[in-house]
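Subject: Structure handover

Hello,

Here is the structure for your files. My notes on it follow below.

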2 protein chains.
Amino acid sequence: MGKLREPLRDIAECGLPAALEAVGERWSFMILRASFNGLHHFEEFLTELGIARNILSGRLVKLVEVGILQRTPSPDDRRKVIYQLTDKGLDLLPAMIALRQWGERWETGVPSNPVLCDERDRRPINPISIRAHDDREIDHHGLCWIDEGELNADRDQDNEQPVKNLGAM
Amino acid sequence: MGKLREPLRDIAECGLPAALEAVGERWSFMILRASFNGLHHFEEFLTELGIARNILSGRLVKLVEVGILQRTPSPDDRRKVIYQLTDKGLDLLPAMIALRQWGERWETGVPSNPVLCDERDRRPINPISIRAHDDREIDHHGLCWIDEGELNADRDQDNEQPVKNLGAM
DNA sequence: TTTTTAGGTTGCGAATCAGTACCTACCTAA
DNA sequence: TTAGGTAGGTACTGATTCGCAACCTAAAAA
């Protein structure tokens, strides 16, 4: 594995490049989708995804390395290996669903069948949205960046502070 | 542009492969992040991202093609071009923030500075989460797939239906 | 009128992707 | 106990894409 490629700029500064470093390669998200859907074995991913063996092999190694998947030899059949999502992997679900919903809204057009629902009430889930501290839905207009220092300083006060409007994400 | 590569399987069936087809390539998300942060010009992206000119050029063409960015010649300076997010592009924000938050939680560790806040109350936004129809937060345990047919059939009834637990995302 | 700037394109080597043919351990049926 | 199939990989090959640097053109700026 070459790995001479410079890591996406500013790994430390922002979580996005870091996330992309872990799951940004081609097929990674598709493998995770398959995992979320209960696939556990190499050959299952292979036939379900239509990915090449060597690529799948490499991706699985990577996803295990970064701690998104866990690799366990099957107790029943010593040929088999069980790949399953760790907590870290499961925590990608909101991002995956958000991306999927975007694809449905803007690309495929249809909210594909079957529909993702909550198990208790058996009704479709809401669109993933951005929420303020009080759970108010907000869009990009209602967002800004605040410095950690300023944050603590002006809590529970109403003095005006300079607002950097999305200046350094 | 070769484009002989088979599109990620089942484009029509699910929004995720469709979304990845649009923004799944290397650098696409970083360009969008920069766009969200108010960058508009080729040379700005170039220096801010540290991406190669030809790659940036290709990505911008692609993102414009799929309708995520809009390309407008600047009225002030006829050399300049303004790239800005369309509504379709802006609608990727929840997915981007979810991914970024994941990266902060699991990779960088720190909720990087400055902090993304709501403009009204100037407090950090909540983590992106999955919500049921009644806005209840749910995790992967509380999710299931329901067929469109079944969905309409059992609305406002409490008969038991077979639950496919994440069987075909 | 020369120089700079903005936004590209082109060419080329390096890295990655993808398809296929192996290979090895293991299970199963005869 | 052995032949044959299965599970999970590697190794080899060619196609595609990435990334760097050089170049190019139109339009400001000096």
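This is a predicted model: local features need pLDDT of at least 70, side-chain atom pairs count only at pLDDT 80 or more; totals for chains, interfaces and linings use all residues.

Residues are numbered from 1 along each chain as its sequence is written, chains are lettered from A and ligands numbered from 1 in the order in which they are written, and side-chain values use heavy atoms, with hydrogens and water left out.

Chain A

Chain A has 7 helices and 6 strands; helices (H or I, at least four residues) and strands (E, at least two) are DSSP runs, numbered from the N terminus. Their order from the N terminus is α-α-α-α-β-β-α-α-β-β-β-β-α. Of its 169 residues, 49% count as buried (under 20% relative accessible area; exposed is over 50% and partly exposed in between, with a 1.4 Å probe and protein chains only).

DNA strand C

There are 25 residues around DNA strand C, and those that come nearest are Arg26(A), Asn54(A), Arg59(A), Arg53(B) and Tyr83(B). Near means that a heavy atom of the residue lies within 4 Å of the strand. Of the DNA strand C atoms that come within 4 Å of the protein, 63% belong to sugar and phosphate. Helix 4 of chain A gives the largest share of this surface, 4 residues. By class, the surface has 13 charged, 7 nonpolar and 5 polar residues (charged: Asp, Glu, Lys and Arg; nonpolar: Ala, Val, Leu, Ile, Met, Phe, Trp, Tyr, Cys and Pro; polar: the others, Gly among them).

- Trp27(A), polar side-chain atom: 2.9 Å
- Arg78(A), polar backbone atom: 2.8 Å
- Ser57(B), side-chain N or O atom: 3.0 Å

Backbone angles

Most residues other than glycine have a negative phi. Arg122(A), not a glycine, has a positive phi of about 55 degrees. Arg122(A) sits in the loop between strand 3 (115–118) and strand 4 (130–131) of chain A, and counts as buried at 10% relative accessibility. Asp135(B) also has a positive phi, about 75 degrees. Asp135(B) lies between strand 4 (130–131) and strand 5 (137–138) of chain B, in the loop, and at 30% relative accessibility counts as partly exposed.

Regards

Note on methods. A polar contact is a pair of N or O atoms within 3.5 Å; within protein, one must be able to donate a hydrogen and the other to accept it, and residues adjacent in sequence count only if both atoms are side-chain atoms.
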